[in-house]
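Work through the exercises below with the model open. Try each task before reading its solution.

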Amino acid sequence: MRYEIKGEPLPVVIVYLESGESIKCEKGAMAWMTPNMQMSTGAGGIGKAFGRMFSGESMFQNTYTAVGGQGMIAFASSFPGSIIPVDVSKGDFIVQKSGYLASDTSVELSVAFQKKLGAGFFGGEGFIMQRLHGTGMAFIEIDGYVVEYELQAGQQLLVDTGYLAAMSGSCSMDIQTVKGVGNVLFGGEGLFNTVVTGPGKVYLQTMPISNVAQAIHGMST
């Protein structure tokens with residue numbers, strides 16, 4: 001499988017498959033493809049289907065296979081931002097809800113519960129995130145532009161609510177209360193920040209879709 005990512009801030013990933021190769025994606029992610037790409041839809045089992053549903057994705061996935069020769073298929077982002085490739089063979093990957101776009105068929109998508117309730121309810125990414133595991137490449141949607149950090153063991157990064165897009169499965173996530181009554185009441189940053197602890201990679205997004213929705217709502221009231 002070969003791929004290229006084009007078109008930020010409205011990106012698309014174009015995947016080139018050899019005859020017989022397959023790729024899977026979420027329902028409605030396909031933008032265009034060559035006529036020899038054959039589609040099949042399935043849930044992959046009840047457990048996997050419900051796991052995807054709880055992590056913010058559809059219960060069903062589409063699999064596209066190149067038949068009778070090389071094929072091409074493109075997957076477009078659903079929101080202005082970035083698409084990043086992730087090699088899941090190097091380790092599990094944790095992604096924000098609805099961040100998964102497409103992947104090799106050998107990549108599995110499941111629910112990733114936060115170990116501490118506080119991290120889920122107040123950390124900005126919800127109690128449930130997505131876990132990618134298995135082998136092969138996956139493509140992830142990021143809201144806005146992406147900034148990447150590599151954290152060493154025990155190294156921490158403090159992130160405002162909603163800006164954490166993805167991280168290595170080796171990282172952990174918790175919350176930290178903003179100190180000082182005055183800071184909470186007048187600082188405009190909310191009550192909590194997300195704390196990510198290494199080792200592993202952390203991907204931050206510059207324009208969380210939740211922030212955009214709040215801004216639009218504020219203009220309309």
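Accessible areas come from the Shrake-Rupley method with a 1.4 Å probe, and for residues only the protein chains shown count as cover. This is a predicted model, in which local features need pLDDT of at least 70, side-chain atom pairs count only at pLDDT 80 or more, and totals for chains, interfaces and linings use all residues. Residues are numbered from 1 along each chain as its sequence is written, and side-chain values use heavy atoms, with hydrogens and water left out.

**Exercise 1. The chain as a whole**

Task: describe the surface, burial, contacts and secondary structure of the protein chain.

Solution. 
- Start with the surface. The accessible area is about 11,000 Å², and carbon and sulfur atoms supply 59% of that.
- Next, burial. Of the 221 residues, 43% are buried (under 20% relative accessible area; exposed is over 50%, partly exposed in between; 1.4 Å probe, protein chains only).
- Then contacts (heavy atoms within 4.5 Å). Among those with a separation of 6 or more, 78% link residues 24 or more positions apart.
- Finally, count elements. The chain has 4 helices and 19 strands; these are DSSP runs, helices being H or I with at least four residues and strands E with at least two, numbered from the N terminus.

**Exercise 2. An aromatic pair**

Task: what geometry do the rings of Tyr-3 and Phe-139 adopt?

Solution. 
- Recall the criteria. Rings of Phe, Tyr and Trp (its six-membered ring) pair if their centres lie within 6.5 Å; planes under 30 degrees apart are stacked, over 60 edge-to-face, the rest tilted.
- The structure holds 2 aromatic pairs. In the pair of Tyr-3 and Phe-139, the centres are 5.1 Å apart and the planes stand at 75 degrees, so this pair is edge-to-face.
- Place the residues. Tyr-3 sits in strand β1 (residues 2-6) and Phe-139 in strand β13 (residues 137-143), so the pair ties together parts 136 residues apart in sequence.
- Tyr-3 is partly exposed at 33% relative accessible area, whereas Phe-139 is buried at 0%.

**Exercise 3. Backbone exceptions**

Task: find two cis peptide bonds and a residue with positive phi.

Solution. 
- Most residues other than glycine have a negative phi, and most peptide bonds are trans.
- Glu-8 to Pro-9 is cis, with omega near 10 degrees. Pro-9 lies in the loop between β1 and β2 (12-17).
- Gly-198 to Pro-199 is cis too, with omega about 20 degrees. Pro-199 lies in the loop between β18 and β19 (200-205).
- Ser-98 has phi near 65 degrees. Ser-98 is in the loop between β9 (93-95) and β10 (100-104).

**Exercise 4. Confidence**

Task: where is confidence lowest, and where highest?

Solution. 
- pLDDT is the predictor's confidence in each residue, from 0 to 100. The chain mean is 82, and 74% of residues reach 70 or more.
- Helix α3 (residues 181-186) is lowest, at a mean of 44, and β2 highest, at 98.
- Residues 181-188 stay under 50, with 5 contacts beyond four places in sequence.
- Where pLDDT is low, the predicted coordinates should not be read in detail.
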